[in-house]
Amino acid sequence: MGQNAPLFYDEPLELVRGEGVWAYDAQGRAYLDCYNNVPHVGHCHPRVVEAIQKQVATLNLNTRYLHPGVVRYSEELAATVAIDDAAVMLTCTGTEANELALRLAEHHTGARGVIVSDFSYHGNSRQLAALTSCFETPEPFPDRARAIPVPDPFRDRQGRDDETLANAYAAHVEAAVASLQAAGHGVSAMLVDASFANEGLPDIVPGFLAKAVEIVRKAGGLVIFDEVQAGFGRTGRAMWSHQLHDIAPDIVTMGKPMGNGFPVAGMIAPRDMIDRFGAKANYFNTFGGNPVAAAAAQAVLDVLREESLLEQAGTVSAHVVAGLDALCEKYPAVANVRSRGMFFGLELTKPDADRTPDPAMAKRIVEGMKAEGVLMGRIGRHDNVLKLRPAMIFETEHADILLGRLDRVLGALS
Ligand SMILES: Cc1ncc(COP(=O)(O)O)c(C=O)c1O
């Protein structure tokens, strides 16, 4: 696998079993999983396991045959977005979904310019690696792309009200559009995660995204919302995080939690756009949306609905945020609490006037929480934002375990 195969922790963890919100290591030690969003409805949810087992014991093959499971799933999925007469293309990974979305946008607009944030990750293909702005890649950032600054009101506010700040952020989008047009690339797409998750989960200033969408559309570009990480009801208040901002997408991509760990991802776009692209591209994906993938994904949708997990996420999220706010009051190192439903960020800084980012403290907390039996991670430009994305079945009793242990670790490190 090579010595740079990415692993978490100073001493990497070998997890061998999972159940609900718990994961177990090779020594049988239990960890409260507050990190992994892929087991979206909980590790080894019996409904998903059964659906996969049943389908894999019945039929599994490539995607060039009719199958009612994939049609039913696609119709239910398409109905979750505000795109008139939408259709679905299924893939295996979020990378493939975003790659496809960019191809579709380029084909539809005839333009090549792409806008992303300046601390983003959307996948690992040649094109998406080049567009990656949150870490170095061997491929240079393309001439035909522009990166807009991450809108982060915690750092940028400087006494400005929401509207002024939203206009300032929108001005960066205007500038990116103007620059792409001046260079002759035109605007094909803005590819953005409406939750800015990899960017550090900043609070989104009301009005900013709507303005950005308007600017891109006016220039003839499409807006692709990358919901690969933040989607499938994680916000608690909507199925997709862009829906919190009351804006209609042109294309939506999804993945990670979609099959609760079974590799399935996809893209939703207007049917006529997909039909015109398909006529030229002859796109075929051997495994993407095969009968087992569709069964896993259908089970996830069914569980979300039947167990009312969006509603639960709303209630549990409020409980977690109240607890995190209390820790923010108690410990000067915790500078800011962010949340989007079951997605939480805790910004760690030095207690100085500039609130200097403190990635070393964040790392010590992540390691300390591992020792306490809780999994979490880090995000953001300075790697100083604790990242928590527990499964949608997380309950207040689990939240209390998390908050109690976090209090202990913060206390020991402060
Ligand atoms: C926002 C976002 N988009 C796309 C991807 C790529 O998904 P995948 O790893 O399934 O290719 C990721 C993965 O981390 C992601 O966080």
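User: How far is a nitrogen atom of the ligand from an N or O atom in the side chain of aspartate 226?
Analyst: The distance is 2.7 Å. This is a predicted model, in which local features need pLDDT of at least 70, side-chain atom pairs count only at pLDDT 80 or more, and totals for chains, interfaces and linings use all residues. Residues are numbered from 1 along each chain as its sequence is written, and side-chain values use heavy atoms, with hydrogens and water left out.

User: Which side chains have a polar atom by an oxygen atom of the ligand?
Analyst: Threonine 95 has a polar side-chain atom 2.5 Å from a ligand oxygen, and glutamine 229 has one 3.0 Å from a ligand oxygen. Of the 390 Å² of accessible area that the ligand has on its own, the protein covers 84% (Shrake-Rupley method, 1.4 Å probe).

User: What surrounds the ligand?
Analyst: The shell consists of Thr93, Gly94, Thr95, Asn98, Tyr121, His122, Gly123, Asn198, Asp226, Val228, Gln229 and Lys256, where a residue is near if one of its heavy atoms lies within 4 Å.

User: How does that shell split by class?
Analyst: There are 2 nonpolar, 8 polar and 2 charged residues; Gly counts as polar here.

User: And which helix gives the largest share of the shell?
Analyst: Helix H3 (residues 94-109), with 3 residues. Helices are DSSP runs of H or I with at least four residues, strands are runs of E with at least two, and both are numbered from the N terminus.

User: Switching to H7. Which of its residues are buried?
Analyst: In H7 (residues 208-218), Phe208, Leu209, Ala212, Val213, Ile215 and Val216 are buried. Buried means under 20% relative accessible area, exposed over 50%, and partly exposed in between (1.4 Å probe, protein chains only).

User: Where do they sit around the axis of H7?
Analyst: They fall within an arc of 165° seen down the axis, so they line one face of the helix. The arc uses the directions from the helix axis to the C-beta atoms. Glu214 and Lys218 are exposed on the other side of H7.

User: What do the buried residues of H7 pack against?
Analyst: Their partners are strand S5 (114-117), helix H6 (162-182), strand S7 (189-192) and strand S8 (222-226), with contact meaning heavy atoms within 4.5 Å. Just after H7, glycine 220 takes a positive phi of about 90°.

User: Is aspartate 358 buried or exposed?
Analyst: Buried, because its relative accessibility is 9%. Aspartate 358 lies in the loop between strand S12 (344-348) and helix H11 (359-371). Apart from neighbours within four places in sequence, aspartate 358 contacts Leu348, Thr349, Lys350 and Asn384.

Conventions. A polar contact is a pair of N or O atoms within 3.5 Å; within protein, one must be able to donate a hydrogen and the other to accept it, and residues adjacent in sequence count only if both atoms are side-chain atoms.
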